[in-house]
Every structure is written in structure tokens, then in C-alpha cells.
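Got a new model on the screen and wondering where all the labels come from?

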Amino acid sequence: MNFQYILETFIKALSGIPVTLGITVVSIILSFIPALFLALGRLYKVKGVTKFAIVYLAFIRSTPPILLILFFYSLFPSLLNNLLKSTSINVFDLNPIIYAFVIFSLMTTGTLSEIIRSAILTVDKGQLEAAQAIGLTNTQAYLRIVFPQAIKSALPNLCNLVINLVKGTSLVFVMTVKDITAIAKIEAAYGYHYFESYFVIFVIYILICGLIQLVFHFLEKKVAII
Amino acid sequence: MLEVNNIEKSFGDKKVLDGVSLTVNQGDVVVILGPSGSGKTTFLRSLNHLEKADKGEMILDGVSYDLAKLNRKDILTIRQKTAFVFQNYNLFANKTAIENILEGLVIARKLPKAEAVAIAEAALEKVGLLDKRDYYPSQLSGGQQQRIGIARAIAVKPDVILFDEPTSALDPELIGDVLSVMKELAEEGITMVVVTHEMSFARDVANHVIFMADGHIIEEGHPDQIFTRPKEERTKQFLTRIIPDLHIDPII
């Protein structure tokens, strides 16, 4: 055990936190609208949306994230390059973090749409009808009555989603994106300090995920009605 | 003031409303009776488009609507002129009693907050629950929740209040409070259409009783006539089953 080394690696790996959290936050932001659209489309049995949602979910659920990463990072650029051959755009210049955004958004959209759908279902439909009967528009009824209650039952699942996402982003090292894991791996390989490096990221992930759980715990308390 | 003609509605193959018509005048208390599955709730719900009718015309406040082809604006207009009291109260669980009432005033009808609060408090006072103004629905009994539901309906001063079995989900000892509030409203001349199984309310408060079965109006008239001299066999059967000691004059 080399404490000096552990401390140094810890500080270096901290610089990967913005990347890890960045991918997490961007994925959630990018997937929110499509997920909401899929969830409402299914709830309202909009033609096409239900079928699409079911197929999409089945597809995205059964795909190991690493496969998506390998596809987008290893195969997709070559495909794209062929298509864009005549233009001056160089696909290989693209920052691979963009692929990370896309991959994790695709995965989050599936999970999030199911979280939203089940959360809306927990709010008794009668309240929506009461809101409509009283003269609120559908949008007002959802924003003022349904969503504030749905969020309460969605929070535990959302917490799971965020934590899984944070941990899941550790795969991006495959794409040379320098997140926490990637930095630690590089450090480990450099001086053969595998145990120390992995211990460091273990601690960092525990801290991040612990903090996220604290935040959600606080939020759950905040939205509890009484 | 409210007139509906020939409403039809099917769920799949089953025709639940087959040409139901109704005329309601200012101050009327119309009670709709009938066995379950007769279509009375569906009929009531189609009046404010909680249920979309397949066919039918409605005249409300002098404006005629084709119930099968309402646009968003029509629906909103109709809903702003009516109010609905639900069997399961359907209070907004994330709002306090007074907020439940304010929603329709401030958000839907854009009244200034202070004015809305005064109206909402008056409505709470009327149903005897002003002291519960800041309670959440989960802190109230069923009877209290339903009275808040009624307060929410009267506060918006609708042309007509539609009651869908307002006492059916209540414990017997709580029914009385709700019925007496409704009776008071009737005496004040508030126009109501009530689907209920409370025969005493139908007999004592209504000025027009409709008996429905299988999506049709079987018989309608003044409660005195319906309860003592029903013309139709079907009505008689229903009434004697519900009120065993009912005295029906023999048909001469």
C-alpha cells in the first residue's frame, strides 16, 4: 500500500468527476422529453407510439451497454465516414464523449419512460378527471395535479436510474473518454498499482452515489405531502 | 337552460346510451335513478365530456353543441359552465381543502387571488368545513372530503352541478351530512342533476325524477307520481326492490 500514491491518484481521478457527472446529466436531459413522449403516448394509446415503445424497450433492454459502445465507437464512425466521404467533415475528429451522450441517452430513454409511465399510473385517474371537470386544460391538469404527485412515486426509481447511470458511465473508458475509471486505469497501468487505483475509484463512486442517495432522500422528504 | 337530445354511446358492441334526452330548467333538481349498468353515470359524464358521446346534441346557456364533434374550446366552455361531484370525491391529494377549491377559480377562471379566496372560504363555510381549510384530503373523513368536493363545485358558480352517486362511497353515518348540504343547495335554487340511490333525497328534494334502464329513459315525472303511481312495470319493480315498504297505488 502506497498512501502517497493513493492520494495522488485520488486527486487525479477527481478530475474525471465532471466527465462522469456530465455524461449522466446530459443523458438525463436529452432523454427526458422523448421518455415523457413515449410514456404519455403509451398511456393514451397513441397509434404507433405504443408499438414503437414496446419494440424500442425490448431492444434497448436486451442490448448490453458495452455492445452499444463498441458499435458507436468502433463501427459507426467508419459507416458515417463512408457516407460523408465527399464532404470535408472528418468523423474521426469527433470527441468520443458525444457517442457517450448518445449511447446513454438511448438507454436512459427506455428506463425513464417506464419510470414516468408507472409514476403517472399511480395517480388516480379520477383526479385528472376532476381537474378537467373544473375547467383546467389537460396541460394545466398534468402540470398542477398529476405530475407533482407522480414525482413522489417516481423518486425512488429515479434515484436508482441516476445511480445506475453514474456507475454505467464507467464503461466509457473503452472509448478513450477520460472519466474517473479511465483515469484510474491509466494510472494503474503506468506503475502497476492496480489495487491502489481501483480502491481509489471504489471510494470515489461510493462518495458520489452516496451523495446522490442523500439528495434523493432529501427530495423525497420535501415532496411528501404530510 | 340545459337541454340534451338523443345522446347515444357505445362501449365496443354494447350500447350504453340509446337516445337519452333531458331538459333541465333553472333551479331544477333532477334525480336520475336506475339499476347499475343502466347508463346513468355514463349519461351524466357525457354532459361535461368526461365521456365522449357518439351522437347527441346539447344546448347549454343558449349555445348548441354537437356532442360527438366538440372541439377543445367547446369542451373547456362546457366544463367552465358546469361542475361535477364525483362518487370517489377525487379531491386533489396534493392540495389542501381550500387549494382544491381555488384551483378552479384562480387557474381555470383566472379570478384574482384575494377574490378567489373569499369565494372559496364562503363555499367552505357553506358546507360547514371552514375550520378544515388547510387540511389535506388524506386528513379528512370521506364525508368531509365529499363536502369539500361539493364546495369545489359550488364555488365556481356553475349553471348546473352534476352529482355522480355522491354518497355511494360513504359510511352510512356520514351520508346524512352530505345529503343535507345538497338539500340546502337545492333550496337555494342551485340547478342540479343527481345520479343517486338515495330514494329519500329523490322523493323529498327532486322536482323531476328520471328512471333509466338499459340505456333508455323508461319513465320520468314528478317524484310524487314516480314514487306513488309509476306507469311502467320496470319502474315499479325497481322501486319496490329498493324501498320494500313503498306504497304504490294499484293501477286502476
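What follows is a set of questions and answers about this predicted model.

Q: What scores does the model get as a whole?
A: The model comes with ipTM 0.91 and pTM 0.85.

Q: How do you know how confident the predictor is about chain B?
A: Look at pLDDT, which runs from 0 to 100. Chain B has a mean of 92, and 99% of its residues reach 70 or more. Within chain B, helix α9 (residues 233–242) has the lowest confidence, at a mean of 89, while strand β8 (residues 192–195) has the highest, at 96.

Q: Why is α7(A) called roughly antiparallel to α9(A)?
A: Helix α7 (residues 138–168) and helix α9 (residues 194–223) of chain A pack at about 170°, with axes 10 Å apart. Angles over 145 degrees count as roughly antiparallel, so α7(A) is roughly antiparallel to α9(A). On the α7(A) side, the contact includes A:I151, A:L155, A:C159 and A:V162, and on the α9(A) side it includes A:Y205, A:I208, A:I212 and A:F216.

Q: What classes of residue are found in the contact of α7(A) with α9(A)?
A: This contact has 15 nonpolar, one polar and three charged residues.

Q: Which residues make the contact between α3(A) and α5(A)?
A: From α3(A) come A:Y56, A:L57, A:I60 and A:R61, and from α5(A) come A:L106, A:M107, A:T109, A:G110 and A:E114. They divide into five nonpolar, two polar and two charged.

Q: What makes α4(B) oblique to α5(B)?
A: In chain B, helix α4 (residues 113–126) and helix α5 (residues 142–155) pack at about 135°, with their axes 9 Å apart. The roughly antiparallel label needs an angle over 145 degrees, and roughly perpendicular stops at 115, so α4(B) is oblique to α5(B). The crossing of these two helices is right-handed.

Q: Where do α4(B) and α5(B) meet?
A: B:I119, B:A123, B:L124 and B:K126 of α4(B) meet B:I148, B:A151, B:I154 and B:A155 of α5(B). By class, that contact has seven nonpolar, no polar and one charged residues. Lys counts as charged, so B:K126 is the charged one.

Q: Why are β2 and β5 of chain B called edge strands?
A: They belong to an open sheet of four strands, in the order β2-β1-β4-β5, with antiparallel pairing. Strands β2 (14–24) and β5 (63–66) each pair on one side only. Neighbouring strands of this sheet are turned by 15° against each other on average, direction ignored.

Q: How do you know that β1(B) and β4(B) pair?
A: Two strands pair if there are at least two bridges between them. Strand β1 (residues 2–11) and strand β4 (residues 55–60) of chain B have five, in the antiparallel sense, so they pass. In β4(B), B:K55 is the bridge partner of B:E8.

Q: What makes the pairing in the six-stranded sheet of chain B count for β3 and β8?
A: This open sheet has the order β6-β7-β8-β3-β9-β10, with mixed pairing. Strand β3 (residues 29–33) pairs with β8(B) in the parallel sense over four bridges, and at least two are needed. Here B:V30 stands opposite B:V193.

Terms used:
Residues numbered from 1 in each chain as written. Chains lettered and ligands numbered in written order. Predicted model: local features only at pLDDT ≥ 70, side-chain atom pairs only at ≥ 80, totals over all residues. Heavy atoms only, no water. Axes fitted to C-alpha atoms, helices over the stretch in contact; angles between N-to-C directions. Contact = heavy atoms within 4.5 Å. Parallel < 35°, antiparallel > 145°, perpendicular 65-115°, else oblique. Left-handed = near helix turned anticlockwise from the far one by under 90°.
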